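Visitor: I have not looked at this one before. Could you walk me through it?

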Amino acid sequence: MAKSARWILAATIGLLASIGVGASAAHYLQEPYNPGFLNFPTIVALHVVLGGVYLALAPFQFVRRIRSRHLDYHRWAGRMLVSLGLVIGLSALFIALVIPKGGWPERVVIGLFGSLFLFALIKGFLNVRAGRVALHREWMIRAFAVGLAIATARLIFFPALLITMADPTEKRFGTLLVVSLGVAFVVHAGVAELWIRFARRSGALRAKRAKLKAKGVKAE
Ligand code: HEM
C-alpha cells in the first residue's frame, strides 16, 4: 500500500511539475493576461523563470536515493532552491499586492499562501541547519506543495473558464483566477499535511520493526 501510494504521488508530482514548467515557458509565448505585468517586467520575469527552475529541480530533492547517494548535490541544490524560493515568494507577494488581476481577494489569498510558502522555506532551512532533518523534510514538503499548487490552479482555471464564461469580463476573469488559486492552495496544503502524517506513521512503524528485529523478535 505504502509503495503504490508513493508511486501515485510521484507520478502526480511529475505531471504537475511539468505543467508548472510549461506554464513558465508559455508565459513568454502569449500576450500577458494581466497588463500590470508589462509595468514590472523584471520582477515578473524573476517570478516566472525562477518558478520554472524551482519546479523542475525541487522534486528531485525528495528522492531518497538521490539524497543518500549524492548528499553534496542535495545540499548544493537545496541552498540554491531556498534562494530561488525566497525570490519567487517575495515577487509573488509584490505582484499580488501591487498589480493583482483579482483585486483584494487575490491580495488576501496570495498574502496568506505566499507568506506560508516563504515561512515554510525558512523553517525548512533553519531546521536542517539545526540538525533537525525530519522537521526540515516536513517544512520543505509544505513549501513545495504550495509552489506546485500553481499547476493545479491552471488545471482548475482553464476548464472552468471554458465552461462558465464564453466571453468573460475582466472582473469575472480575475475572480475565477483567485478561486482557482485558492482551491489549489487549500487542496495542496491539505494533501501535504496528510502525507506528512502518513510518513510519520510509517516511519514510526519502520523504526519499531527495526527495533524488534534487532532484539530478535519477529514483527507481526
Ligand atoms: C514555484 C513555482 C511557480 C511557478 C512556476 C509560477 C509561475 C507563474 C507564472 C508563469 C505566472 C504568470 C502567469 C501566466 O502568464 O500564466 C505567475 C503569476 C503569479 N504567481 Fe506564480 N509561480 C510559482 C509560484 C508561486 C507562488 C508560491 C505564489 C504565491 C503563493 C505565486 C503567485 C503568483 C501570482 C499572484 C501571480 C500573478 C497573478 C495575477 O496575474 O494577478 N506563484 N506565476
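Visitor: Where is the place of Arg75?

Guide: Arg75 sits in helix H4. One thing to keep in mind throughout is that this is a predicted model.

Visitor: Is Arg75 buried or exposed?

Guide: Arg75 counts as exposed, because it has 12 C-beta neighbours inside 10 Å and a residue with 12 or fewer is put in that class.

Visitor: How many Å apart in space are Arg75 and Trp7?

Guide: Their C-alpha atoms are 25 Å apart, and in sequence the two residues are 68 apart.

Visitor: What about Phe119, where is that?

Guide: Phe119 belongs to helix H5. Phe119 is partly exposed, because 15 other C-beta atoms lie within 10 Å, a count between the limits of 12 for exposed and 20 for buried.

Visitor: And what separates Phe119 from Leu9?

Guide: Along the chain, 110 residues; between the C-alpha atoms, 24 Å.

Visitor: Let's step back. How many helices and strands does the protein have?

Guide: There are 7 helices and 0 strands. Along the sequence, the pattern reads α-α-α-α-α-α-α.

Visitor: What box do the C-alpha atoms fill?

Guide: Roughly 70 × 35 × 30 Å, taken along the principal axes.

Visitor: How much of the protein is buried?

Guide: Buried residues are 26% of the 220 residues.

Visitor: What share of the contacts comes from residues 24 or more positions apart?

Guide: Such pairs account for 70% of the contacts with a separation of 6 or more.

Visitor: Now the nonpolar core. How many residues are in the largest one?

Guide: It has 38 residues, and Ala143, Val146, Leu148 and Ala149 have the most contacts inside it. At least two residues of this core come from each of H1, H2, H4, H5, H6 and helix H7, which spans 170–215.

Visitor: Which helix gives the largest share of this core?

Guide: H6 does, with 12 residues.

Visitor: You mentioned Ala143. What is it in contact with, leaving aside neighbours within four places in sequence?

Guide: Ala143 is then in contact with Gly85, Phe117, Ala120, Leu121 and Gly124.

Visitor: How do H1 and H6 pack?

Guide: They pack at an angle of about 80°, and their axes are 8 Å apart. That angle makes H1 roughly perpendicular to H6.

Visitor: Which residues meet there?

Guide: From H1, the residues are Ile13, Leu16, Ala17, Ile19, Gly20 and Ala23; from H6, they are Leu148, Ile150, Ala151, Thr152 and Arg154. The residues of this contact divide into 8 nonpolar, 2 polar and 1 charged.

Conventions:
Residues are numbered from 1 along each chain as its sequence is written. This is a predicted model: local features need pLDDT of at least 70, side-chain atom pairs count only at pLDDT 80 or more; totals for chains, interfaces and linings use all residues. A nonpolar core is a set of buried Ala, Val, Leu, Ile, Met, Phe, Trp, Tyr and Cys residues joined through C-beta atoms within 7 Å. Helices (H or I, at least four residues) and strands (E, at least two) are DSSP runs, numbered from the N terminus. Two residues are in contact if their C-beta atoms, placed from the backbone, lie within 7 Å. Axes are lines fitted to C-alpha atoms, for helices over the stretch in contact, and angles run from 0 to 180 degrees between N-to-C directions. Angles under 35 degrees count as roughly parallel, over 145 as roughly antiparallel, 65 to 115 as roughly perpendicular and the rest as oblique. Ala, Val, Leu, Ile, Met, Phe, Trp, Tyr, Cys and Pro count as nonpolar, Asp, Glu, Lys and Arg as charged, and the others, Gly among them, as polar.
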